[in-house]
Amino acid sequence: FKATKTATHYISSAGYKSSKGTYKLSVTDETPISNPSSNFNIQINYQGPVEYRKYIDQGVKFWEEVITSDIPDIYVNGIGKIDDLVIDTSIKYIDGVGNILGGAAPERIRTNGFLPASGRMIFDRYDVPKMIRDGEFVDVIKHEIAHVLGFASIWDKLNLIDDFKYIGNKAVSQYSSLKGWQQTYIPIEQ
């Protein structure tokens, strides 16, 4: 048996009449692995201890692999040419240990397409060592980059939310496909 598409396949075997046999099943994954190259670039302007930069770069790498399409360069006064997103990032005092770990938001939005061109991220220097020890810092960075990219931070300006419901048509269509039935919104965590 050779599968011709990705799916769940069930294979069974039985002896002929009353005979018992020895059966061997081997599975080989022949699916070619696709690693699309990304043309999406995130530039980080970093101010903070050098030993934390590698974690920020890991968060950037994640989003540059998820977003594979390039968007047009833009010129912004005070920054210059942006290809595709510039994030000013710093590690400094916010409120001490606990409470606010970090924050982020877009600052400049493209007029054509309403995608962010620049933004800012800040992480509390008193929380970073614990996040690193707990293995959470890269995930927090990814989360904050998502805000700079516009996740939850510009949805209201684009009329994509209604209370705690995301109502963007394309996303709701994909969500419906994943759920297996028609949805009218995607619930947003409060």
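Biologist: Hello! To start us off, how many aromatic pairs does a search of the whole structure find?

Modeller: Welcome! Keep in mind that this is a predicted model. A search through the whole structure turns up aromatic pairs, and their number is 7.

Biologist: Phe 123 and Phe 137 form an aromatic pair. Which parts of the chain does the pair link?

Modeller: The geometry of Phe 123 and Phe 137 is edge-to-face, with 5.4 Å centre to centre and 80° between the planes. The two residues are 14 residues apart and belong to distant parts of the chain. Phe 123 sits in strand 6, and Phe 137 in helix 3.

Biologist: Are Phe 123 and Phe 137 buried or exposed?

Modeller: Under 20% relative accessible area counts as buried. Phe 123 has a value of 0%, and Phe 137 has 1%. Because those values fall under the cut-off, Phe 123 is buried and Phe 137 is buried.

Biologist: Which residues do ring pairs link into a cluster?

Modeller: Phe 123 and Phe 137 form one of the pairs. Phe 137 also touches Tyr 52 and Tyr 55, among others. The cluster linked by ring pairs consists of Tyr 52, Tyr 55, Phe 123 and Phe 137.

Biologist: What covers the buried residues of helix 3?

Modeller: The buried residues include Val 138, Ile 141, Ile 145 and Leu 149. Glu 144 is also one of the buried residues. What covers them includes strand 1, helix 1, strand 4, strand 5, strand 6 and helix 2.

Biologist: Which residue just after helix 3 takes a positive phi?

Modeller: The positive phi is about 115°. The residue that takes it, just after helix 3, is Gly 150.

Biologist: Now the strands. Why is strand 4 largely enclosed by the rest of the structure?

Modeller: Strand 1 and strand 4 run parallel and are joined by 6 bridges. Strand 4 and strand 6 also run parallel, with 7 bridges between them. Strand 4 is largely enclosed because, of its 8 residues, the number buried is 6.

Biologist: Which residue in strand 6 is the bridge partner of Thr 89?

Modeller: Thr 89 belongs to strand 4, where it stands opposite Tyr 46. Thr 89 has a bridge partner in strand 6 as well, and that partner is Met 121.

Biologist: In what sense do strand 5 and strand 6 pair?

Modeller: These strands form a hairpin with 6 residues between them, where Gly 113 takes a positive phi near 100°. Gly 103 stands opposite Ile 122 in strand 6. Over 7 bridges, the pairing of strand 5 and strand 6 is antiparallel.

Biologist: At what distance from the ring centre of Phe 62 does Lys 142 lie?

Modeller: Lys 142 lies over the face of the Phe 62 ring. Its distance from the ring centre is 4.4 Å.

Biologist: One last stop, Ile 167. What distance separates the C-alpha atoms of Ile 167 and Pro 187?

Modeller: Ile 167 is in the loop between strand 8 and helix 4, and at 33% relative accessible area it is partly exposed. Its contacts include Leu 160, Val 172 and Tyr 185. Ile 167 and Pro 187 are 20 residues apart along the chain, and their C-alpha atoms are separated by 9.0 Å.

How values were computed
Residues are numbered from 1 along each chain as its sequence is written. This is a predicted model: local features need pLDDT of at least 70, side-chain atom pairs count only at pLDDT 80 or more; totals for chains, interfaces and linings use all residues. Side-chain values use heavy atoms; hydrogens and water are left out. Contact means heavy atoms within 4.5 Å. Rings of Phe, Tyr and Trp (its six-membered ring) pair if their centres lie within 6.5 Å; planes under 30 degrees apart count as stacked, over 60 as edge-to-face and the rest as tilted. Helices (H or I, at least four residues) and strands (E, at least two) are DSSP runs, numbered from the N terminus. Buried means under 20% relative accessible area, exposed over 50%, partly exposed in between (1.4 Å probe, protein chains only). A charge sits over a ring if NZ of Lys or CZ of Arg is within 6 Å of the ring centre and within 35 degrees of the ring normal. Two strands pair if DSSP finds at least two bridges between them. Lists of a residue's contacts leave out its neighbours within four places in sequence.
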